[in-house]
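Please keep the sequence and the model open while going through them.

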Amino acid sequence: MNILVIDDDAFVLKLLKLQLANLGQPEAMTCESANDALEALAGPERKVEIVFCDIQMPGMDGVELVRHLAHIEFQGGLVLMSGEDERILSTVQHLAQAHRLKVLGALRKPITPVQLREILQRQASPAAKNRGADRKIYSAEAVASAIENGELINYYQPKVSMRSSEVVGVEALVRWQHPRDGLVFPDQFIATAEQHGLIDDLTRQVLLNALRQCRDWQACGLRLSIAVNISMSNLVSLDFPDFIVEAAQDLDFDLSLLILEVTESQLMQNPLTALDILTRLRLKNITLSIDDFGTGHSSLTQLRDIPFNELKVDSGFVHNASDNASRRAILEASLDLARRLGMKSVAEGVENLADWHFLSSLACCDVAQGYFIAKPMPAPALPSWIQEWQVRRTGLTE
Ligand code: G
Ligand code: G
Ligand code: MN
């Protein structure tokens, strides 16, 4: 493997080179400065597959290097190293991921042989090749025809009550059943739909499918709420609430079961129109949920100005909150905020038993959602999942 190690500390370079040699990688290049490294990366040599990079360096530091790597569209894996505090390290990791770099690890020094081996395996695995920059993004024409041909289907992720552990509802998450590429995820086409005026058609189709599905479940005795994601770009046509009301009337659907999850990934273009639409949706007894709370523009200003009645704490504050002081403080404050504003609270990203137990111990969260409970699934899989959950939940509440 073609590896490049960058650290201003010559001893660290020597040590890492030795450790890599012990793992069958004797050829690693080393650089004492980020400037030298950028030169090496631009050079005619073989393509570098992994960069190990110290964050704290005189001259160009790790944050600047990340910016340059993004600029040259570095396709390899990146490992960040630091002797600094954990929060700086994880901030740089987020920065690199936001730049769509493929981060293989963020490690405190000294790095152990076990950690190194894991990093090398991660880069070698085929899954790594499908992540990050290689992800296919579809054209507007392709997305438009997917909508037209009915190739979009909903997956559903269950939500359970923290008090009783009973299933209370599902969130609809759109997927594209692509005729050649298989199941395509929303991060590969939602942004395109938003940018090319297709999001309204897309959302309307997701909504109709969700309402129909929810009504069918009701007919078999499953009364579940249904949450649908809408984007700010849906809040520009004033007839959006009327469309929903009509659809619900046609299907004889009780709108108190509908939740609309609003994420503000971009700023509102027309705040007055958005507020008009959102307020009318509330008047029609639809629940309005502020999604990914605490991230992006999903903030306190929105809470103050928009009549939300549910708050979804972003998974970034929920998963691993028990052993991370900042996550924990933000999670607790968000749940408290929801309670004081008379809103229902939902915690996203409950990934494991520790997350579940920690959330239970806080005793102020209404609903939980996450891989620990269930991953998003196609509609026909839900009834048998519910049966499994009935067994599993008894062990959790005892
Ligand atoms: O599992 P998941 O990959 O489904 O979803 C990724 C992101 O796509 C999430 O932020 C989710 O809110 C968003 N998303 C999923 N379905 C829809 C949808 O129907 N409309 C919009 N606007 N966003 C969606
Ligand atoms: O932005 P929104 O909250 O709508 O996004 C939901 C997204 O979160 C979907 O992509 C869904 O697949 C994902 N998701 C659901 N549960 C978990 C979880 O426990 N952990 C993580 N990392 N993602 C989750
Ligand atoms: Mn959501």
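Predicted model: local features only at pLDDT ≥ 70, side-chain atom pairs only at ≥ 80, totals over all residues.

1. Residues are numbered from 1 along each chain as its sequence is written, chains are lettered from A and ligands numbered from 1 in the order in which they are written, and side-chain values use heavy atoms, with hydrogens and water left out.

2. Which residues are around ligand 2? Among them are Gln157, Glu171, Asn229, Asp291, Asp292, Glu348 and Tyr371, where a residue is listed if one of its heavy atoms lies within 4 Å of the molecule.

3. Ligand 1 is surrounded by Leu173, Val174, Arg175, Pro186, Ile190, Val206, Asn229 and Ser231. A nitrogen atom of ligand 1 lies 3.1 Å from a backbone N or O atom of valine 174, whereas an oxygen atom of ligand 1 is 2.6 Å from a side-chain N or O atom of arginine 175, and a polar side-chain atom of asparagine 229 lies 3.3 Å from an oxygen atom of ligand 1. Asn229 is listed around ligand 1 and also around ligand 2.

4. Two packed helices are described by the angle between their axes and the distance between the axes. Helix 9 (residues 199-219) and helix 10 (residues 240-251) pack at an angle of about 30°, with their axes 11 Å apart, and helix 9 and helix 10 are therefore roughly parallel to each other (angles under 35 degrees count as roughly parallel, over 145 as roughly antiparallel, 65 to 115 as roughly perpendicular and the rest as oblique). Residues of helix 9 including Leu207, Leu208 and Leu211 meet residues of helix 10 including Phe240, Phe243 and Ile244, contact meaning heavy atoms within 4.5 Å.

5. The axes of helix 13 (residues 325-340) and helix 14 (residues 353-362) come within 11 Å and cross at roughly 45°, and helix 13 and helix 14 are therefore oblique to each other. Here Arg328, Leu331, Glu332 and Leu335 in helix 13 meet Phe358, Leu359 and Leu362 in helix 14.

6. The axes of helix 1 (residues 10-22) and helix 5 (residues 113-124) come within 10 Å and cross at roughly 65°. Leu16, Gln19 and Leu20 of helix 1 make this contact with Pro113, Leu116 and Leu120 of helix 5.

7. Two backbone details deserve a careful look. Lysine 109 and proline 110 are joined by a cis peptide bond, with omega about 0°, and proline 110 is found in the loop between strand 5 (102-108) and helix 5. Arginine 100, in the loop between helix 4 (86-98) and strand 5, has a positive phi near 65°. Most residues other than glycine have a negative phi, and most peptide bonds are trans.

Key
Axes fitted to C-alpha atoms, helices over the stretch in contact; angles between N-to-C directions. Helix = DSSP H or I, 4+ residues; strand = E, 2+ residues; numbered from the N terminus. Polar contact = N/O pair within 3.5 Å; in protein donor to acceptor, adjacent residues only side chain to side chain.
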